[in-house]
Amino acid sequence: MISRSLTILETGRITRQSDGLPREFEIAILGPNYLEAVLKVQEMVLGTIEELSFYYPSSRQIFHESLNGKGLIIGCLVEGRLVGFRSIWYPHEHSENLGIDIGMKAPDQLSEVAHLERACVLPDFRGNRLQITMTRHAIELARHNKCFRYIFSTVAPMNYASMQDKFEANMVIVELKKKYESYYRYIFFQDISDPILFPSEPDVPLIYIDGDDIDAQMSLLKNKGAIVGFQQKKNNGITQVGYAKTNHHLF
Ligand SMILES: CC(C)(COP(=O)(O)OP(=O)(O)OC[C@H]1O[C@@H](n2cnc3c(N)ncnc32)[C@H](O)[C@@H]1OP(=O)(O)O)[C@@H](O)C(=O)NCCC(=O)NCCS
């Protein structure tokens with residue numbers, strides 16, 4: 001049963017891992033009454049995470065704000081039950097605004113920042129690329145409503161699925177630093193109005209660095225915006241990040 005507080009964006013079928021059978025799903029914008037369901041999915045996913053440094057839980061307060069106008073939460077429902085979500089938060093003047101991390105100072109720019117916050121999919125419904133699908137809807141919606149210009153996200157190095165989610169949304173790595181109680185995080189960024197584009201000239205080389213070589217990546221990213229990370233690939237089982245020069249200047 002679908003609640004009336006939902007705006008349906010997409011319907012279709014996905015596979016449930018435990019029995020391999022297709023299930024009907026809806027992707028929808030969640031209303032404020034989904035706060036407890038979102039927290040429950042986060043709690044269930046947290047209980048299954050092997051590498052705890054990959055996921056720093058969002059607080060009830062941030063989810064509450066996202067569901068009540070200071071952001072957006074896209075959910076995936078199967079038979080009326082929430083099985084995954086992707087949250088966006090507009091931090092405005094909050095001290096955690098990631099614009100500050102890359103040198104943004106002007107209040108009007110900081111107020112145009114959106115954070116792709118958390119994405120969780122229950123293990124039984126993974127493998128359907130739900131995170132990427134929900135992210136695509138979230139960005140399209142926010143772009144359509146013109147509620148932000150600069151999009152940011154933090155991702156733990158070596159979290160392949162989350163990095164893929166950001167690269168497929170055309171975001172690039174502009175920074176690698178310690179966040180969240182000293183865990184390293186990439187800062188992914190894109191300017192919707194003036195995007196940092198993949199270099200089209202064939203003579204711009206991509207420099208590939210092993211994802212777990214933190215020092216090498218940090219030194220490459222020192223001149224903010226001059227070199228950014230555009231893609232990842234697997235090389236003999238090791239995830240490598242491809243960096244290239246850009247003409248873009250950050251703030
Ligand atoms: C991250 C998460 C939301 C992705 O779920 P999902 O959308 O079902 O992801 P899928 O299983 O469809 O995988 C998407 C891609 O990542 C790849 N992938 C998934 N897990 C992977 C892993 N552990 N190692 C390498 N690749 C992986 C898949 O092969 C797929 O890539 P492809 O499309 O190129 O084949 C889910 O795993 C999750 O809830 N994790 C715990 C919470 C978390 O880490 N959230 C992200 C940080 S906020």
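**From a hairpin to the core and the loops**

Strand E7 (residues 172-179) is joined to E8 by 7 bridges, and the two strands run antiparallel; strands (E, at least two residues) and helices (H or I, at least four) are DSSP runs numbered from the N terminus, and two strands pair if DSSP finds at least two bridges between them. This is a predicted model, in which local features need pLDDT of at least 70 and side-chain atom pairs count only at pLDDT 80 or more, while totals for chains, interfaces and linings use all residues. Residues are numbered from 1 along each chain as its sequence is written. Within the pairing, Ile173 stands opposite Phe188 in E8, and in the hairpin, which has 3 residues between the strands, Tyr180 takes a positive phi near 45°.

Phe188 also belongs to the largest nonpolar core, which has 56 residues, and is among those with the most contacts inside it, together with Val38, Ile73, Phe85, Ile151, Phe152 and Val172. E5 gives the most to this core, with 6 residues. Such a core is a set of buried Ala, Val, Leu, Ile, Met, Phe, Trp, Tyr and Cys residues joined through C-beta atoms within 7 Å, where buried means that 20 or more other C-beta atoms lie within 10 Å of the residue's own, exposed means 12 or fewer, and partly exposed means in between, with C-beta atoms placed from the backbone. In soluble globular proteins, nonpolar side chains tend to be buried together. Leaving aside its neighbours within four places in sequence, Val38 is in contact (C-beta atoms, placed from the backbone, within 7 Å) with Leu30, Phe63, Ile73, Leu82 and Phe85.

Helix H6 (residues 160-168) has Ser162, Met163, Asp165, Lys166 and Phe167 as buried residues. The buried residues of H6 pack against strand E5 (113-121), helix H5 (130-144), strand E6 (150-155), strand E8 (183-191) and strand E10 (227-235). Just after H6, Asn170 takes a positive phi of about 65°.

Which residues come nearest to the ligand? Of the 19 residues around the ligand, they are Val121, Arg126, Gln131, Tyr160 and Ala161, a residue being near if its C-beta atom, placed from the backbone, lies within 6 Å of the molecule. The elements that give two or more residues to this shell are E5, H5 and H6. By class, the shell has 10 nonpolar, 6 polar and 3 charged residues, with Ala, Val, Leu, Ile, Met, Phe, Trp, Tyr, Cys and Pro counted as nonpolar, Asp, Glu, Lys and Arg as charged, and the others, Gly among them, as polar.

The loops remain. Ser58 lies between helix H1 (35-46) and helix H2 (60-67), and counts as partly exposed because it has 18 C-beta neighbours inside 10 Å. Not counting residues up to four places away in sequence, Ser58 touches Gln42, Phe63, Ser87, Glu117 and Arg118.

Most residues other than glycine have a negative phi. Asn236, in the loop between E10 and strand E11 (238-245), has a positive phi of about 50° although it is not a glycine, and with 5 C-beta neighbours inside 10 Å Asn236 counts as exposed.

Gly103, finally, is found in the loop between helix H3 (98-101) and helix H4 (107-110), and is exposed because 12 other C-beta atoms lie within 10 Å.

Notes. Contact = placed C-beta atoms within 7 Å.
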